[in-house]
Amino acid sequence: MRFQGLVLSCLLLLVWPLAAHAVDVQASLDRTSVQLGETVTLNVRVAAAANGADAPDFSVLDQDFEVLGSSQNRSVSIVNGARRSELTFGVALRPRHEGMLQIPALPVAGALTNPLQLQVIAPGGSSGAGAEASDQDVFLEAQVEPSHAYVGQQLSYVVRLYYAVNLGGSLQTPQIDGVQIAQVGDDLKYTAQRGGRTWNVLERRFALTAQHPGPLVIPALSFQGEVSDPNSVNSFFGGSIPVSARAPALTVNVQAVPASAGTSTWLPARSLGLTLEGLPDANTSVRVGQALNLTMALQASGVGADALPMLSLPTLDGATVYPDKPISTTGNDGPWLLGREQRKFALVPERAGTLSIPATSLKWWNVVTDQLEVAQIPARQLTVLPALGIASALPAQPAAGVDTQTTGAARSAPASWAVPWRWLALGSLGLWLCSVLLWWYWRKQRALPARQSPVVLTAAASSRDCQRAFLAAASGDDIAAQTFSLLAWARAERPAIQNLGDLAAALADARQRAAIASLQRQRYADAARPGTSGNLAEVFKRGLAWRESDSSDSGPSIPPLYPFDLHRD
């Protein structure tokens with residue numbers, strides 16, 4: 001069995017370069033609504049796997065848009081030691097007519113972008129409220145959407161400063177009691193046609209989140225600046241004329257949390273996605289002590305990362321979950337906040353059989369459709385085989401639909417290898433080299449003194465038998481067998497012990513606790529094997545040193561680590 005596993009691993013390493021990597025591409029507009037004559041920027045972002053990609057073909061947009069110019073930008077970021085690069089293609093578009101214009105999916109780097117929509121209204125239409133006048137050189141307008149919202153829902157407040165002169169000055173930031181205010185993205189600068197004149201436009205966007213129901217009054221926003229006067233006798237020395245502009249106040253009706261939302265955590269969003277990656281497919285088995293690296297991710301539009309719940313996995317019967325520190329970021333998708341949270345987990349099965357992972361669900365309120373929705377990660381069942389080198393204390397239960405007469409090697413072997421002939425030839429060569437190395441290693445091991453054979457444990461094994469099995473495993477290099485036999489020994493004396501953490505808390509000997517901590521680290525890190533030091537067997541050879549106060553079988557009582565978790569069905 002071990003020989004077959006090594007051969008399969010070598011073949012996987014050889015054909016790994018053939019694996020196809022999914023290309024992550026995304027298209028976005030800096031605004032979703034413009035007036036005819038204004039410009040809008042379309043950005044196409046391509047993830048690291050396709051940094052050498054060619055620019056998309058924007059000629060398909062010629063029917064509805066005038067393409068004014070394009071740009072290309074590459075960015076590199078490092079998050080938690082992981083390097084991520086991104087390639088962005090930008091193009092400035094000017095709509096040719098009014099209406100709801102469609103931007104189709106664009107092919108780039110072997111993938112398709114998401115389709116987009118842009119609303120184009122008549123010049124001077126209802127996209128905002130302002131003090132536009134044809135005889136003014138500077139005016140200000142403001143817009144808020146939607147016109148009514150719920151408590152905790154993001155409002156998009158946009159201010160646009162129009163000017164047709166050389167202008168300098170400062171624009172106010174809104175200040176409203178009981179409302180969280182944050183600027184969304186950077187200022188946008190573009191040109192627009194109004195009243196037969198060409199205007200420069202400075203657009204600034206804010207996210208407003210009301211904390212209380214009732215009428216929300218956004219006060220009038222003002223601009224104070226100076227315009228250079230070419231007719232002034234002091235213009236050569238910097239003469240200027242003070243100017244000001246003012247946008248009218250706006251009102252939004254903020255509603256309380258609807259009764260149909262229930263008692264779950266209130267999470268209003270425009271869209272939401274919840275995913276869990278890293279679980280093996282239904283035909284792949286795992287072994288006791290084999291860690292599964294899982295990644296759970298939550299992304300919501302119209303919500304900042306600070307409003308997202310903490311991600312967690314449910315308590316599992318037959319496995320231990322080790323959570324990593326969550327990573328939270330807040331970006332923007334045009335005028336809307338885009339909150340992301342990601343968290344990694346190490347899931348370690350502790351006994352053979354069927355491991356059930358319950359469904360994880362999150363209730364949220366869709367503010368676009370105005371109804372309650374549920375994002376869910378489906379329940380899964382994994383087949384867990386005994387650890388290599390030692391039998392399981394519990395009989396393995398075959399997963400539903402699996403032929404119990406088929407061996408584990410046959411179940412895990414791939415049905416076919418659809419690879420080109422040259423890679424198959426390389427794989428055969430690699431297999432032959434592995435066979436030679438394994439034969440040499442087998443001959444070398446035969447020349448070494450025979451080690452003590454491990455004791456096979458059963459459900460009725462005594463504490464003495466379990467101790468002998470552990471001491472035999474401690475003299476080898478199989479960390480999974482050492483962990484399993486140590487827990488079996490502890491449970492034979494204290495049935496309430498569930499994992500190595502419980503065992504360490506119940507022991508009085510500091511050396512034994514330190515040895516358990518070292519064993520846990522070596523299960524997930526490239527550390528020295530306990531079998532090479534001989535320290536593990538030495539520490540435990542006189543038996544388990546229990547605390548005197550630990551006389552019950554009730555097990556340790558630990559308060560919940562994360563009280564604010566996702567709601568589950």
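## Burial and the model

A residue is buried if its relative accessible area is under 20%, exposed if over 50% and partly exposed in between, using a 1.4 Å probe and protein chains only. Tyr157 has a relative accessible area of 0%, so Tyr157 is buried.

This is a predicted model, in which local features need pLDDT of at least 70, side-chain atom pairs count only at pLDDT 80 or more, and totals for chains, interfaces and linings use all residues. Residues are numbered from 1 along each chain as its sequence is written, and side-chain values use heavy atoms, with hydrogens and water left out.

## Aromatic pairs

Rings of Phe, Tyr and Trp (its six-membered ring) pair if their centres lie within 6.5 Å; planes under 30 degrees apart count as stacked, over 60 as edge-to-face and the rest as tilted. The whole structure holds nine aromatic pairs. In one of them, Phe139 and Tyr162, the centres are 4.6 Å apart and the planes at 5°, so the pair is stacked. Phe139 belongs to strand 11 (residues 138-145) and Tyr162 to strand 13 (residues 154-163), so the pair ties together parts 23 residues apart in sequence. Strands (E, at least two residues) are DSSP runs, numbered from the N terminus. Both Phe139 and Tyr162 are buried.

Tyr157 and Phe206 have ring centres 6.3 Å apart and planes at 35°, so this pair is tilted. Phe206 is buried, at 2% relative accessibility.

## Charges over rings

A charge sits over a ring if NZ of Lys or CZ of Arg is within 6 Å of the ring centre and within 35 degrees of the ring normal. Trp199 has the charged end of Arg197 over its ring, 4.6 Å from the centre. Ring pairs also link Trp199 with Phe139 and Tyr162 into a cluster.

Technical notes
Helices (H or I, at least four residues) and strands (E, at least two) are DSSP runs, numbered from the N terminus.
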